[in-house]
Amino acid sequence: MLFPWLIWIFTYLVFLSDLMDTATALSAQVHQPRAIPYDTDANRHRSNIRKRQQAEEGEDDLWEAYNITLPLDHFGNGTGTFENRYWVYDAAYKPGGPVILEDIGEQDASAFTSNSLECSFANATGGLLIRWEHRYYGGSKPIVQDADTVSDNNTAKLAEYFKYHTIEQALEDVVVFAKQFQYKNQDLSSAVAPWVFSGASYPGARAAWIRVRNPEVIFASFAGSAPVETSMENPEYFDTYLNYYDTHGMKPCMNDVRGYIDWIDEVVKNEDQKEYLSLWDIVSENNSELAINRSAAWDLGSAQPNLFQTLHPNGIFNDFQDGSNTTTVNFCNNITEQAFRAHGEPDLQKAIEQYGLVAAVGFSQAKPIIGEALRFMIEANWQAPADNTNQDNCNNGNMTACTRLIGDNSPWVWQVCTELGMFQTGSVHYNTVHYIIDQLCVNGFGESVSKGPSLEFREKYGGFKTNPSNTFFADGQFDPWRSRTLNGDKSGREASTTIPDEGKTLGDNEFFGVVIPDLFHAPVHYNFGMILAGETRVINSDGLPPGVSEAREAQQLFVDALLKWLPEFNKTSQGGDPSDN
């Protein structure tokens, strides 16, 4: 559910491997809610982010899996349907309680557990919890009709397949579902029960948008790290990385990273493949798997490891947005240790400590050490491709296997290229919008997407000016996506912890929300505290890492808001107890 929002070039590389069934462990991994900093699987797909915690033994039995048949096209003459998956957790439900919809967003939603932020909302309100899978992800993909759709040479057919993969169609899926939802012979539709939509990252933006779009269906929303100000680019993304480490004791190393970025930019500008390979040969030395990729190392579109990938969020800054600094710290420590062994002069070591290796000796002399550090990082972060079972079955006419080849990366790239944008330009200067659209979008889907993402959606729902009632916005101080949220510096608005009355806002200049200090992307989803069934207070404690206590206070603030707003819902039925049926 959270945004993975990685640099889109990297996502493109993974997207290409999807089409060839070389998708690897970059697909979403489950992970524990932890305070930062923490270690995390280096191959987790752009965060898939997501707040899917490690399921405890036996918890799967608390959930029931369902499908609903939905039209591919809600608004036109398109025909066809697909099966949309969802799961229900009713252990906390009490008659008259709300329906809490946990939006997983751009990933497979099949890994689930009762240990989540949304479960705490259900426990505090006596709510029924639904975990919702977004169309075109996981097991909610329309079945392809032609094996050529997943051919790496047929971008037009893939674009046709994704024609109905739009934000509006996906929001309407939820609306149609909520208006007709029945559970164990009980009417829990949005006309009868208050529905609360909760998500973080892209699902957080969906939480805000659907509350603006359909306030008669969705009663309240929790919008975590919600990038509602969609735009063509997000130049602040990499600056957040560099500025954070500059101010947290690692500026010398960030100077080395800046030197490396400048070198990459110069190499690309001059199309100097020889100079590029001079560093790649150091990186691939004594590693046969990397060495055999020399011919592909200059190919920006290759799914194999190369130097360009090291500047993407699965590289030097792996999982920064989710609060992990392990890869970055290891990379920097590696440079410092090698530099001290190579340069024993006290004055030079002092310069390295104060300003960084590149500043002290120049990039040419620093290149062997930086190359060694990059090799260690790539070896830790990259995994070999998976087997070709789905490809073989697709070639034999199995359309379900063909559908599986699409993976969860290419549908995300489609959304980025057609509607969401926010391409991560900035410090890596060769990453211009035009360059990314050409490499990411046109190469993936053809000339039909050559204009890049439409910004009409931002205008429709307000962007920085969006102002839905009964909605709470929570962001982390060091989230590289915060610049696109209401808590961004350019929004011109201020967050307030004053709970507005039900159906009201705090005016045009304020909104109900918080910035969590010292935390990153989806700070409340990653650092929530439990609320026991029948209780209304978050379990908090002293001595927590920086920001975690504040995240739980934000969690409590939204619970308090729900407890204030829910009695105002105009119930037409008190319903019954689904567990009795």
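## Basis of the model

The structure is predicted: local features need pLDDT of at least 70, and side-chain atom pairs count only at pLDDT 80 or more, while totals for chains, interfaces and linings use all residues. Residues are numbered from 1 along each chain as its sequence is written, and side-chain values use heavy atoms, with hydrogens and water left out.

## Salt bridges

A salt bridge is defined here as a side-chain nitrogen of Lys or Arg within 4 Å of a carboxyl oxygen of Asp or Glu. The count by this rule is 22 salt bridges. In one of them, the side chains of Lys 184 and Asp 90 meet with an N to O distance of 3.5 Å. Lys 184 lies in the loop between β5 (182-183) and β6 (186-187), and Asp 90 in the loop between β2 (81-89) and β3 (99-103), so the pair ties together parts that are 94 residues apart in sequence. Helices (H or I, at least four residues) and strands (E, at least two) are DSSP runs, numbered from the N terminus. Asp 90 is buried, at 17% relative accessible area, whereas Lys 184 is partly exposed, at 28%. Here buried means under 20% relative accessible area, exposed over 50%, and partly exposed in between, with a 1.4 Å probe and protein chains only.

Another salt bridge joins Asp 560 and Arg 537, whose closest N and O atoms are 3.4 Å apart. This pair links distant parts of the chain: Asp 560 belongs to helix α20 (residues 548-565), and Arg 537 to the loop between α19 (523-526) and α20, 23 residues apart. Asp 560 is partly exposed, at 27% relative accessible area.

## Nonpolar cores

A nonpolar core is a set of buried Ala, Val, Leu, Ile, Met, Phe, Trp, Tyr and Cys residues joined through side-chain atoms within 4.5 Å. The largest core has 70 residues, of which Phe 177, Phe 181, Trp 195, Trp 209 and Phe 445 touch the most other members. Helix α17 (residues 433-445) gives the most to this core, namely 8 residues. Another core, of 51 residues, lies apart from it and includes Phe 317, Ala 339, Leu 374 and Met 422.

## Aromatic pairs

Rings of Phe, Tyr and Trp (its six-membered ring) pair if their centres lie within 6.5 Å; planes under 30 degrees apart count as stacked, over 60 as edge-to-face and the rest as tilted. The rule gives 46 aromatic pairs. Phe 177 and Phe 181 form a tilted pair, 5.2 Å centre to centre with 55° between the planes. Phe 177 is buried at 1% relative accessibility, and Phe 181 is buried at 2%.

The rings of Phe 558 and Trp 565 have centres 6.4 Å apart and planes at 80°, so this pair is edge-to-face. Phe 558 is buried, with a relative accessible area of 0%, and Trp 565 is buried, also at 0%.

## A helix crossing

The axes of helix α16 (residues 410-420) and α17 come within 10 Å and cross at roughly 115°. Axes are lines fitted to C-alpha atoms, for helices over the stretch in contact, and angles run from 0 to 180 degrees between N-to-C directions. Ser 410, Val 413, Trp 414, Val 416 and Cys 417 in α16 meet Leu 440, Cys 441 and Phe 445 in α17, where contact means heavy atoms within 4.5 Å.
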